Amino acid sequence: MDFPVYIHLGPVSIHPHLFFETLAYFAGFRVYLHTRNKERIPLDKAMWVVIGAIAGAALGSKLLYWLENPVETLKNVTNLNYLMAGKTIVGGLLGGLIGVETAKKLIGWKRSTGDDFVLPLIIGMSIGRIGCFFTGLSDHTHGTPTTWVTGVDFGDGVPRHPTQIYEIVYLWLIGFFVLYIRKKKTSPWEGFLFQFFMVSYLLFRFFIDFIKPTPHPYFGLNNIQLAAFVGLMYYLFLIRKKRREKFQYAK
């Protein structure tokens with residue numbers, strides 16, 4: 001297999017990153033419309049939440065990417081091509097969270113909306129990672145060299161961890177758990193599924209990024225791990241608060 005693996009649609013050849021990222025946005029939005037809890041939030045308000053999520057995710061993904069190599073970013077602070085070149089999923093998730101909470105404040109909505117985003121995110125992120133895998137070495141989402149049986153040669157003769165595939169498998173494990181909880185209707189509180197998703201994914205990214213070929217300038221951590229740690233602290237505090245509130249209510 002030669003990387004990147006272009007998608008051929010008749011006479012048109014599309015880069016896998018562009019093809020699968022576009023498909024990911026389309027599929028994720030369709031899943032959101034199909035699976036969202038219609039009784040939780042009206043569609044008109046839900047669309048404002050979606051807009052907040054998209055705007056926050058776009059900004060957050062860029063900001064965290066610029067922190068990947070701060071020295072290089074400072075050198076290219078006036079280079080628009082460099083500044084617009086990359087993005088990060090973790091930055092998108094955390095930025096999207098801020099965007100959603102901002103949108104909810106603006107429209108006066110106080111109930112949790114996160115649970116409706118879990119399945120769309122899992123579907124969209126999984127599809128997007130297929131594009132990352134087929135892109136090969138150029139987007140740096142692969143892992144470090146390995147002798148494991150899972151190693152993949154992305155075109156330079158060196159077997160590397162296919163961390164994109166690891167992530168897809170992990171996302172679907174989260175998805176099966178979420179579907180089980182939804183079916184059994186045993187979620188302990190509104191917003192629990194999104195909180196569980198975020199904690200699970202941030203934990204995964206914190207550890208998997210030790211085998212990513214990116215700079216680790218922050219006391220042995222990279223930009224993703226640093227953001228994941230901050231996000232985990234926030235969600236662990238939030239979950240502890242929710243559990244305490246539930247216990248006090250039950251009394």
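Is the crossing of α7 and α8 right-handed or left-handed? It is right-handed, a label used when the near helix is turned clockwise from the far one by less than a right angle, with anticlockwise giving left-handed. Before we go on, keep in mind that this is a predicted model, where local features need pLDDT of at least 70, side-chain atom pairs count only at pLDDT 80 or more, and totals for chains, interfaces and linings use all residues. Residues are numbered from 1 along each chain as its sequence is written, and side-chain values use heavy atoms, with hydrogens and water left out.

Let's stay with that pair. Helix α7 covers residues 163-184 and helix α8 covers residues 192-208; helices here are DSSP runs of H or I with at least four residues, strands are E runs of at least two, and both are numbered from the N terminus. The axes of α7 and α8 come within 11 Å and cross at roughly 160°. Those axes are lines fitted to C-alpha atoms, for helices over the stretch in contact, and the angles run from 0 to 180 degrees between N-to-C directions. The two helices are therefore roughly antiparallel to each other, the word for angles over 145 degrees. Among the residues making the contact (heavy atoms within 4.5 Å) are Tyr166, Tyr170 and Ile174 of α7, along with Phe196, Phe197 and Phe204 of α8. By class, the contact divides into 13 nonpolar, 2 polar and 3 charged residues. Nonpolar here covers Ala, Val, Leu, Ile, Met, Phe, Trp, Tyr, Cys and Pro, charged covers Asp, Glu, Lys and Arg, and the others, Gly among them, are polar.

Helix α8 has another partner, α5. Their axes come within 11 Å and cross at roughly 150°, and that makes α5 roughly antiparallel to α8. This crossing is left-handed. The contact includes Val90 and Leu94 of α5, plus Phe197 and Met198 of α8, and it has 10 nonpolar, no polar and 1 charged residues.

Of its 34 residues, Val90, Phe197, Met198 and Tyr235 touch the most other members. Helix α8 gives the largest share, 11 residues. Apart from this core lies another one of 9 residues, among them Ala46, Val49, Val50 and Phe117.

Now look at Gly99, in helix α5 (residues 89-107). At 11% relative accessibility, Gly99 counts as buried, since the cut-off is under 20% relative accessible area, with exposed over 50% and partly exposed in between (1.4 Å probe, protein chains only). Gly99 and Ala53 are 46 residues apart in sequence, yet their C-alpha atoms are 4.9 Å apart in space.

Lys212 sits between α8 and α9 and is buried at 7% relative accessibility; Thr141, His142 and Arg205 are among its contacts. Phe219, in the loop between α8 and α9, is exposed at 88%.

Most residues other than glycine have a negative phi, and most peptide bonds are trans. Phe219, however, has a positive phi of about 55°, and Lys185, in the loop between α7 and α8, has a phi near 55°. A cis peptide bond joins Phe3 and Pro4, with omega about -5°.

How values were computed. Parallel < 35°, antiparallel > 145°, perpendicular 65-115°, else oblique. Core = buried A, V, L, I, M, F, W, Y, C linked by side-chain atoms within 4.5 Å. Lists of a residue's contacts leave out its neighbours within four places in sequence.
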